[in-house]
Amino acid sequence: MSFFGFGQSVEVEILLNDAESRKRAEHKTEDGKKEKYFLFYDGETVSGKVSLALKNPNKRLEHQGIKIEFIGQIELYYDRGNHHEFVSLVKDLARPGEISQSQAFDFEFTHVEKPYESYTGQNVKLRYFLRATISRRLNDVVKEMDIVVHTLSTYPELNSSIKMEVGIEDCLHIEFEYNKSKYHLKDVIVGKIYFLLVRIKIKHMEIDIIKRETTGTGPNVYHENDTIAKYEIMDGAPVRGESIPIRLFLAGYELTPTMRDINKKFSVRYYLNLVLIDEEERRYFKQQEVVLWRKGDIVRKSMSHQAAIASQRFEGTTSLVAEEWGLPCPKWQGETQAREATSLGVLDVVL
């Protein structure tokens, strides 16, 4: 960055000590493009140099102090004037004075807490960056450098399968099952759909991955749904007793870990949406939340976890929802009365 003042200009650059060896990660910018940034994790030290290159060697640069900051902040797009900082560290590099030649200042932020993952969404951005500032009487000289932070997890202690019986009374009765409720970002969703009763002419079935971003609180809550993927699992009419396998690879999609109430500003949740479409283009769907996490290097799995999973069960109720609530069941195989979408009754979730 250059600053053109009265007689002197300076180029400011932030250089990391381990720039050559540090891994980079792609991250989506606010305009939807992807760029690569240096990748950090929670607790890692951030160190380097702030380099000042004077453009006019025969003139001095007067300043009111030089500093470097490490900042983590959340910006809500509907409230752009306010930046909510959750990490703010400052290192003074030089006291007020003059600089007569180009020089560099070392800095180090030791074992920096980075509690949240970097995120750019529809209505919110969570970013980490270094900011070097040369304070001047008229205009400050500022240089920023963004980094990306990933949060890592180990295998969950408990990871329940999802098993439900859903449908429309006397018209459609299906059972679907997913092998887990928590998946890492490179995982595979394995499951099956089993048709117990079919009196609706179904022509198509798919599973969607939906990301739901929630920002704000109270009356100023905004929900933004984004369909990340559509995966066709059936094309054609099923029959009673038919079983449809599911195998959905997550690695090919742009996903982030699930984020819940981040700094009391926003949440990001993911849902598997089972969609059935009949010959009259009516849609029936059932959403099920799943938890996504970023896999770390440490893998912990034991037989006691499997025993705990098998030991806990509970029952509830659920229903398959028609796109228009109260949608009548089509006449089929001698049916003469239209029936509304209702709950079937059994929800069997293994914890």
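Modeller: Let us begin with contact, which means heavy atoms within 4.5 Å. Leaving aside its neighbours within four places in sequence, Thr214 is in contact with Val221, Tyr222, His223, Lys265, Phe266 and Ser267. Please note that this is a predicted model, where local features need pLDDT of at least 70 and side-chain atom pairs count only at pLDDT 80 or more, while totals for chains, interfaces and linings use all residues. Residues are numbered from 1 along each chain as its sequence is written, and side-chain values use heavy atoms, with hydrogens and water left out.

Biologist: Is Thr214 buried or exposed?

Modeller: Buried means under 20% relative accessible area, exposed over 50%, and partly exposed in between, with a 1.4 Å probe and protein chains only. Thr214 has a relative accessible area of 19%, so this residue counts as buried.

Biologist: Which side chain does Thr214 join through a polar contact?

Modeller: A polar contact is a pair of N or O atoms within 3.5 Å; within protein, one must be able to donate a hydrogen and the other to accept it, and residues adjacent in sequence count only if both atoms are side-chain atoms. The side chain of Thr214 makes such a contact, of 3.1 Å, with that of His223.

Biologist: How many aromatic pairs are there?

Modeller: A pair of aromatic rings is described by the distance of the centres and the angle of the planes. Rings of Phe, Tyr and Trp (its six-membered ring) pair if their centres lie within 6.5 Å; planes under 30 degrees apart count as stacked, over 60 as edge-to-face and the rest as tilted. The count by this rule is nine. In one of them, the centres of Phe86 and Tyr128 are 5.5 Å apart and the planes stand at 85°, so the pair is edge-to-face. Its members are 42 residues apart in the chain.

Biologist: Which residues touch the most other members of the largest nonpolar core?

Modeller: In soluble globular proteins, nonpolar side chains tend to be buried together. A nonpolar core is a set of buried Ala, Val, Leu, Ile, Met, Phe, Trp, Tyr and Cys residues joined through side-chain atoms within 4.5 Å. The largest one has 74 residues, of which Leu130, Tyr178, Ile193, Phe195 and Leu274 touch the most other members. Not counting residues up to four places away in sequence, Leu130 touches, among others, Phe70, Phe107 and Phe109.

Notes. Helices (H or I, at least four residues) and strands (E, at least two) are DSSP runs, numbered from the N terminus.
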